[in-house]
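Hello,

Here is the structure I promised to pass on. Please have a look at it first, and then read my notes below.

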Amino acid sequence: MSAWDYDIIIVGAGPAGLTAGLYAGRARLKTLLLEKLIHGGQVMTTDLVENYPGFPEGISGFELSDRMRKQAERFGLEFRNGEVLDLKVGPDHHLLRLEGEELKAGAVIIASGARYRNLGVPGEEALTGKGVSYCATCDGALYRGQTIAVVGGGDTALTDTLFLCRFADKIHLIHRRDAFRGEKFLQEQVLAQGKVQIHWDTVVQEIQGNQAVETLQLKNVKTGKESSLPVAGVFIFVGIVPNSAWLKGSLPVDEWGFISTNAQMATSIPGIFAAGDVRSKLLRQIATAVGDGATAAFAAGEYLAEHHPR
Amino acid sequence: MSGPEPLQVSDATFEEEILKSDMPAMVDFWAAWCGPCRAIAPVVEELARDYQGKVKVAKMNVDENAKTPAKYGIRAIPTLIIFKGGQVLEQITGAVSRSLIENALKKAL
């Protein structure tokens, strides 16, 4: 009888966690995947994924994550909804605490991902769900024929601006720099959209409205000029923050909260691996997350074979 | 075990089916391209079966119906609204856990 409940417990069911689950399942390791909300992670809110190889016409984020989950389950991955409250590191195995339950794992793969970053301006929190949104595919359809704003300049901001063009009559794209960071391909598409007006070098200082968003207070960072912009809604895509607060104290994270690993996805603690967006890395994409997940599962298998031979 | 599917309601049927319902009612406001909406759909279907005869569980597509979502100030989906006697008892936004929805439903019974 093993000294633990699972050989591997994976935390988070985005592309990294689901791929780790697929590889661990095929390695015939007893593996549990824990997800606090819904499988797919941030991919779930992507309308069309066009840069994941193998889908020349693109694939919806929902369908891609659903397919990944089915594929992993076919090879024996056990999936469960549950939030991990904390991780207790042990010499022989690690302990994951859930509500009303503790689970022992020989190895742990942390794939808890990241979530959207708040802008951090007055009015943002109070008007969230009342015109402030972080999910274009969720809320875009409610702005048919209206004037809205998008804040950001990365891939997500550009992709979601294009998606929102289906509904809104006019989109003000507000970016704090004088050039976008997002893919050149996406930039070309956004610049070709007649509905999109770009406000370069501009930041949002405040979001105003009584029952719902009415006005954005803007400031041009180069000229210092301030202005008001009436909009029915504002979509905010200004980067991500890692979901690593639950690791508090048990595993070191960098100054932004990301987890450092080596090329084998091993963290500084034996038997604990990290994969996907929660990891400190250059590029956070589905394509890089699945690579992390496969490597982490393989490395975790090697670790178990070496330290806990059956 | 199979049971009733959530009832599809529209701007035209909303008053009759939901506001004038004898039982408490829960409406899931959703759209086809909203991933989180599709993710909570199975939970809504489960609740329709489990609360059969106690709560009328319904769905409204916000893409096809603009009046009702506007009336209730819905600016984010998925949004679940629980009605009792024609009044809003609770409004839940975002993909949340089954237990959170169930706790709200129990208050309506």
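In chain B, 51% of the 109 residues are buried (buried means under 20% relative accessible area, exposed over 50%, and partly exposed in between, with a 1.4 Å probe and protein chains only). This is a predicted model, where local features need pLDDT of at least 70, side-chain atom pairs count only at pLDDT 80 or more, and totals for chains, interfaces and linings use all residues. Residues are numbered from 1 along each chain as its sequence is written, chains are lettered from A and ligands numbered from 1 in the order in which they are written, and side-chain values use heavy atoms, without hydrogens and water.

Chain B has four helices and five strands (DSSP runs numbered from the N terminus: helices are H or I with at least four residues, strands E with at least two). From the N terminus, their order is β-α-β-α-β-α-β-β-α. The C-alpha atoms of chain B fill a box of roughly 30 × 30 × 25 Å along the principal axes.

A cis peptide bond, with omega about 0°, joins Ile77(B) and Pro78(B). Pro78(B) sits in the loop between helix H3 (67-71) and strand S4 (79-84) of chain B.

Chain A has two non-glycine residues to look at. Arg28(A) has a positive phi near 60°; its loop runs between helix H1 (15-26) and strand S2 (31-35) of chain A, and Arg28(A) is exposed, at 62% relative accessible area. Asp201(A) has a positive phi near 55°, lies between strands S11 (196-199) and S12 (202-208) of chain A, and is buried, at 12%.

Best wishes
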